[in-house]
Amino acid sequence: MKDLYYFAAWTDSGCLLGCDHHHQTVASAAACISCGGAYVIAVENGKYRALNNVEEAEFQKAMYGTEPVQAETAQRGLLIQVSAFIRIQVEPKA
Ligand SMILES: [Zn+2]
């Protein structure tokens with residue numbers, strides 16, 4: 001069984017912040033989001049990764065109930081920024 005959990009993440013003044021929980025589902029992590037522009041990050045076997053298509057759909061459903069094109073586009077743009085930031089933070093330790 002793979003080690004997988006999710007946490008809510010957001011940026012503030014250029015810093016990546018996130019909740020300290022190990023959410024078992026995307027919807028649970030999404031419920032933890034309390035501000036706009038936040039996202040859910042998956043942690044699989046100790047490594048950060050973006051949500052896959054199934055998880056992304058679950059996130060959109062949890063956040064919006066539907067999949068509005070504009071919101072989805074905005075969230076994907078944020079994900080790219082967050083992913084790039086995590087990569088910078090993680091690589092020196094690897
Ligand atoms: Zn949380």
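Reader: What percentage of the 94 residues of the protein count as buried?
Author: The model is a predicted one, and its burial is counted over the 94 residues of the protein. A residue is buried if 20 or more other C-beta atoms lie within 10 Å of its own. The share that counts as buried is 16%.

Reader: How confident is the prediction, as a mean pLDDT for the protein?
Author: Of the residues, 68% reach a pLDDT of 70 or more. Over residues 68-72 pLDDT stays under 50, and the model has three contacts beyond four places in sequence for them. Residues 83-94 also stay under 50, with five such contacts. The mean pLDDT of the protein is 77.

Reader: What pattern do the helices and strands follow along the sequence?
Author: The protein has three helices and four strands. Read along the sequence, their pattern is β-β-α-β-β-α-α.

Reader: Which residue in β4 is the bridge partner of A42?
Author: Bridge partners can be named for each pair of strands: D12 has C15 of β2 as its partner, and F7 has I41 of β3. For A42, the bridge partner in β4 is R49.

Reader: Which residue in the turn of the hairpin of β3 and β4 has a positive phi?
Author: β3 and β4 form a hairpin with two residues between them. Most residues other than glycine have a negative phi. The turn residue with a positive phi, about 50°, is N45.

Reader: Is N45 buried or exposed?
Author: The place of N45 is in the loop between β3 and β4. N45 has 8 of them, so N45 is exposed.

Reader: How many other C-beta atoms lie within 10 Å of S13?
Author: S13 is found in the loop between β1 and β2. Its phi is positive, about 55°, although S13 is not a glycine. S13 is exposed, and the number of other C-beta atoms within 10 Å is 5.

Reader: Which elements give two or more residues to the largest nonpolar core?
Author: This core has 13 residues, of which V26, A29, A30, V40 and F59 touch the most other members. The elements that give two or more residues to it are β1 (4-12), α1 (26-31), β3 (39-44) and α2 (53-64).

Reader: Which residues are in contact with V40, leaving aside its neighbours within four places in sequence?
Author: V40 is one of the core residues that touch the most other members. Beyond four places in sequence, the residues in contact with V40 are Y6, A8, V26, A29, A30, L51 and F59.

Reader: How far apart are the end C-alpha atoms of α2?
Author: Just after α2, G65 takes a positive phi of about 80°. At 1.5 Å a residue, the 12 residues of α2 should span 16 Å. The model agrees, since the end C-alpha atoms of α2 are apart by 16 Å.

Technical notes
Residues numbered from 1 in each chain as written. Predicted model: local features only at pLDDT ≥ 70, side-chain atom pairs only at ≥ 80, totals over all residues. Core = buried A, V, L, I, M, F, W, Y, C linked by C-beta atoms within 7 Å. Buried ≥ 20, exposed ≤ 12 C-beta atoms within 10 Å, placed from the backbone. Contact = placed C-beta atoms within 7 Å. Pairing = 2+ DSSP bridges. pLDDT = per-residue confidence, 0-100. Expected span 1.5 Å × (residues − 1).
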